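Please study the sequence and the structure shown below before reading on.

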Amino acid sequence: MDHKLSLLWVTIGVCIFSGVVTYLKRNDSDLLEEDKTLNIHGYYSGWLERGNLGDDLLFHICEQMLEEYGGPFGLKFELVKKTKANMVFNHPVKFGILGGGSLLEDYYLREMAPFIKNETVMVFGTGFDSRRFINDVNLEKLRKDEPFKWNYKPAYNFSSLINFHGLGVRGILTSKVLKSLIDKDIPFVGDAGILAWKYLSDPSIQVSVQSRIKEGDKVVTINWSENSEPVKKPPAYAIDTMVNTIFYLMKRGYIVISVMMHDRDTKISTELTGELARRIDPETKREHGTHFLIEYNPPFKTFLINNRTHDYKAGTAALLNIYKLSAFSINYRLHANVLSLAAGTPFIALAYRFKVYDFVDTAGLSEYCVLGLDEKSFTFESMVEKIEKIEQNNESIRTQIQTHIADVQSRYDTAFPKFLQHLVQQIKKEESAEKK
């Protein structure tokens, strides 16, 4: 009897506690009346449906997060996204999202101006990218918080971001740049692509090459591309460094897989793999449908996978699975490095622009980054040094990666609900003013 009574009191206590928590949650967020749903339309500004897997996957993650964090409060979201096609606004758009990628530029900030003014803009882990931030900013001074002189004056007034209310920027260097420009501490939340394993992984989506990987095989995944601002073909010394690096890996027993993140990667990656074939035996190249295989005498193998697809969800899932089975990766494009990290795999970042510096510094992995791809920095010797270091410290790097993923997850878990609370309050304020 006493046991049943105790159990009853515990049950009552749990119910009361749950009710108080629910009340406080609703009261604190001041969101919706009970059993009501609020449909909110937003505008996502980003470089979408233009052949860049990284930008498209960030849009999808944003959609998933809105559903995840808004669902418990009865919020449903529909995003209008900017593509090459004309945008059609069928409903009043209540908030704007400065999308993932590198959108801290005049054009995108002007586009977000109405939402910034209304305090209904979400900065979804965006950052800087333009080459002028590499040329004009002494990177070491920025890292050490030492004073430096800006030679860059933005056409748009960045100070409008002082009133931002949602999330934060991509990395610690972007945060420091904004601090120097507008004297405002805007926090970083990290690139949302870091959480891709949670939102986009699918073990069932594989490419044919995975069936050729046996247990115990050592795999390295490579992403190789071009400098796209302006579009530049990799110079001869860079191709030579990559070819020699791949040969070095193969001689050490690694299977090398080359993957693509952007439509422009196809030609450059094919040329690189073709150069490998020419240096051994032109007859070893064989066509295999949508991808081709170059297979040397075992254990020397390299695979070029044409994983580019209009279904960026499937493309991302395939990439995550390839990175997951790799000992480490070597990547040119930012989001190739991001997906390697998302899969928990160490990487060597070929930092060709500010955004890559920002990413590796924020992750605490700048020592595994090749700073600049000039002839002095990007050498075979520097690559061998990074490879040996990553082999020696592989487990500790994996631990650091998991720590960083958890930190980014925590930042979004904290910042996203805060923005949604603020957004609903602003919408209610606007509706109340319209009634008057």
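The following questions and answers go from the protein as a whole to individual residues.

Q: What kind of model is this, and how are its residues numbered?
A: Residues are numbered from 1 along each chain as its sequence is written, and side-chain values use heavy atoms, with hydrogens and water left out. This is a predicted model, in which local features need pLDDT of at least 70, side-chain atom pairs count only at pLDDT 80 or more, and totals for chains, interfaces and linings use all residues.

Q: How many helices and strands does the protein have?
A: Helices (H or I, at least four residues) and strands (E, at least two) are DSSP runs, numbered from the N terminus. By this definition the secondary structure comes to 15 helices and 15 strands.

Q: What percentage of the 436 residues count as buried?
A: A residue is buried under 20% relative accessible area, exposed over 50%, and partly exposed in between (1.4 Å probe, protein chains only). Of the 436 residues of the protein, the buried part is 54%.

Q: Among contacts between residues at least 6 apart in sequence, what percentage join residues at least 24 apart?
A: A contact means heavy atoms within 4.5 Å. Among the contacts between residues at least 6 apart in sequence, the percentage that join residues at least 24 apart is 72%.

Q: Which side chain of opposite charge is nearest to Asp-358?
A: Asp-358 is found in helix α13 (residues 354–363). Lys and Arg count as positive and Asp and Glu as negative, while His and the chain ends are not counted. A salt bridge is a side-chain nitrogen of Lys or Arg within 4 Å of a carboxyl oxygen of Asp or Glu. Asp-358 is buried yet has no salt bridge, and the nearest side chain of opposite charge, 4.1 Å away, is that of Arg-170.

Q: Which backbone nitrogen does the side chain of Asp-358 reach?
A: Leaving aside residues up to four places away in sequence, Asp-358 touches Arg-170, Gly-171, Ile-172, Leu-173 and Thr-174. The side chain of Asp-358 reaches, at 3.4 Å, the backbone nitrogen of Gly-171.

Q: Where is Ser-366 found, and what is its relative accessibility?
A: Ser-366 is found in the loop between α13 and β15 (369–371). Not counting residues up to four places away in sequence, Ser-366 touches Arg-143, Val-360 and Asp-361. Ser-366 counts as partly exposed because its relative accessibility is 31%.

Q: Which residues of α14 are buried?
A: Helix α14 (residues 380–392) has 13 residues and reaches 18 Å from its first C-alpha to its last, close to the 18 Å expected at 1.5 Å a residue. That expected span is 1.5 Å times one less than the number of residues. The cover over the buried residues of α14 includes α9 (236–251), β13 (328–331), β14 (347–351), β15 and α15 (394–435). The buried residues are Ser-382, Met-383, Val-384, Lys-386, Ile-387 and Ile-390.

Q: How many residues apart are Arg-252 and Glu-391, which meet in a salt bridge?
A: The structure holds 11 salt bridges. In one of them, the side chains of Arg-252 and Glu-391 meet at 2.5 Å, N to O. The pair links distant parts of the chain, with Arg-252 in the loop between α9 and β9 (254–259) and Glu-391 in helix α14, and the two are 139 residues apart.

Q: How far apart are the closest N and O atoms of Lys-81 and Glu-49?
A: Side chains of opposite charge can pair when their charged atoms come close. Lys-81 forms a salt bridge with Glu-49, and the closest N and O atoms are separated by 2.9 Å.

Q: What separates Asp-407 and Arg-411 in helix α15?
A: The side chains of Asp-407 and Arg-411 meet in a salt bridge (3.0 Å, N to O). Because they are 4 residues apart in helix α15, what separates them is about one helical turn.

Q: Is Leu-167 buried or exposed?
A: Leu-167 lies in strand β5 (residues 167–168). Its phi is near 55°, a positive value in a residue other than glycine. At 6% relative accessibility, Leu-167 counts as buried.

Conventions:
A polar contact is a pair of N or O atoms within 3.5 Å; within protein, one must be able to donate a hydrogen and the other to accept it, and residues adjacent in sequence count only if both atoms are side-chain atoms.
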